[in-house]
Amino acid sequence: MSEALKCPECGSEHVYQDGPLWICPECAHEWSGEAAEAGERGERVIRDANGNVLADGDTVSVIKDLKIKGSSQVVKGGTKVKGIRLVDGTDGHDIACKIPGFGAMNLKSEFVKKA
């Protein structure tokens with residue numbers, strides 16, 4: 001597996017596994033084995049603000065106040081969102097969900113953390 005695996009940051013082929021993480025000795029980038037396996041299968045990997053791999057059906061928390069475009073409402077930081085769905089967003093919004101009190105909307109994965 002490590003023979004075909006390359007670092008997602010610098011493309012180096014000299015990567016090694018240390019427990020659940022893969023490490024590149026050239027750029028010191030670390031990533032999880034789940035992400036490495038998904039990358040080998042050609043799947044898109046979506047991560048939260050902390051670098052955790054997200055999947056359909058996960059529960060996430062919003063990490064900061066988010067203004068809703070076209071409205072004066074704000075989704076407060078700490079709001080829990082259950083049952084997310086990963087989508088191929090054209091403008092970076094890669095999570096489709098229903099937020100209690102707001103309804104259906106799309107979020108960017110960089111503004112959520114896995115709960």
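Trainee: How many salt bridges does the count come to?
Mentor: This is a predicted model, and the count comes to one salt bridge. The pair is K114 with D58, whose closest N and O atoms are 3.6 Å apart, so the contact falls inside the limit of 4 Å for a side-chain nitrogen and a carboxyl oxygen.

Trainee: Where do K114 and D58 sit in the chain?
Mentor: The two residues are 56 apart, and the pair links distant parts of the chain. K114 belongs to strand β11, residues 112–114, whereas D58 lies in the loop between α1 (33–40) and β4 (60–62).

Trainee: And are they buried or exposed, starting with D58?
Mentor: D58 is buried, with a relative accessible area of 15%, while K114 counts as partly exposed at 34% relative accessibility. As a general point, side chains of opposite charge can pair when their charged atoms come close.

Trainee: Which strands make up the β8 sheet, and in what order?
Mentor: That one is also an open sheet of three strands, ordered β8-β9-β10 and paired in the antiparallel sense. β8 (85–86) and β10 (103–107) stand at its edges with a single partner strand each, so one side of each is left without a neighbour in the sheet.

Trainee: How many bridges join β9 to β10?
Mentor: Five bridges join β9 to β10, and β8 pairs with β9 (residues 95–99) over two bridges. Going to individual positions, R85 has A96 in β9 as its bridge partner, and K98 stands opposite A104 in β10.

Trainee: Is A104 buried or exposed, then?
Mentor: A104, which is found in strand β10, is exposed, with a relative accessible area of 64%. Beyond its neighbours within four places in sequence, A104 is in contact with C97 and K98.

Trainee: What about the turn of that hairpin, where G101 is?
Mentor: The hairpin of β9 and β10 has three residues between the strands, and G101 takes a positive phi near 90°. Most residues other than glycine have a negative phi.

Trainee: Which residue has a positive phi although it is not a glycine?
Mentor: A28 does, with a phi of about 65°. A28 is in the loop between β2 (21–23) and β3 (30–32), and at 57% relative accessibility A28 counts as exposed.

Trainee: New topic: which feature does UniProt place at residues 6–32?
Mentor: The unreviewed UniProt entry places "domain: Protein YjdM N-terminal" at residues 6–32. In the model, the end C-alpha atoms of that span lie 13 Å apart, and the span is 0% helix and 33% strand.

Trainee: And how much of the whole protein counts as buried?
Mentor: Of the 115 residues, 30% count as buried. The accessible surface comes to about 7300 Å², and 46% of it belongs to carbon and sulfur atoms. Among contacts between residues at least 6 apart in sequence, 34% join residues at least 24 apart.

Trainee: Last one: where is confidence lowest, and where is it highest?
Mentor: Confidence is lowest in α1, at a mean pLDDT of 62, and highest in β4, at 96. The protein averages a pLDDT of 85, with 87% of the residues scoring at least 70. Where pLDDT is low, the predicted coordinates should not be read in detail.

Methods
Residues are numbered from 1 along each chain as its sequence is written. This is a predicted model: local features need pLDDT of at least 70, side-chain atom pairs count only at pLDDT 80 or more; totals for chains, interfaces and linings use all residues. Side-chain values use heavy atoms; hydrogens and water are left out. Helices (H or I, at least four residues) and strands (E, at least two) are DSSP runs, numbered from the N terminus. Buried means under 20% relative accessible area, exposed over 50%, partly exposed in between (1.4 Å probe, protein chains only). Contact means heavy atoms within 4.5 Å. Accessible areas come from the Shrake-Rupley method with a 1.4 Å probe; for residues, only the protein chains shown count as cover. Two strands pair if DSSP finds at least two bridges between them. UniProt positions are given in the numbering used here, feature names are shortened, and annotations may be inferred rather than shown by experiment. pLDDT is the predictor's confidence in each residue, from 0 to 100.
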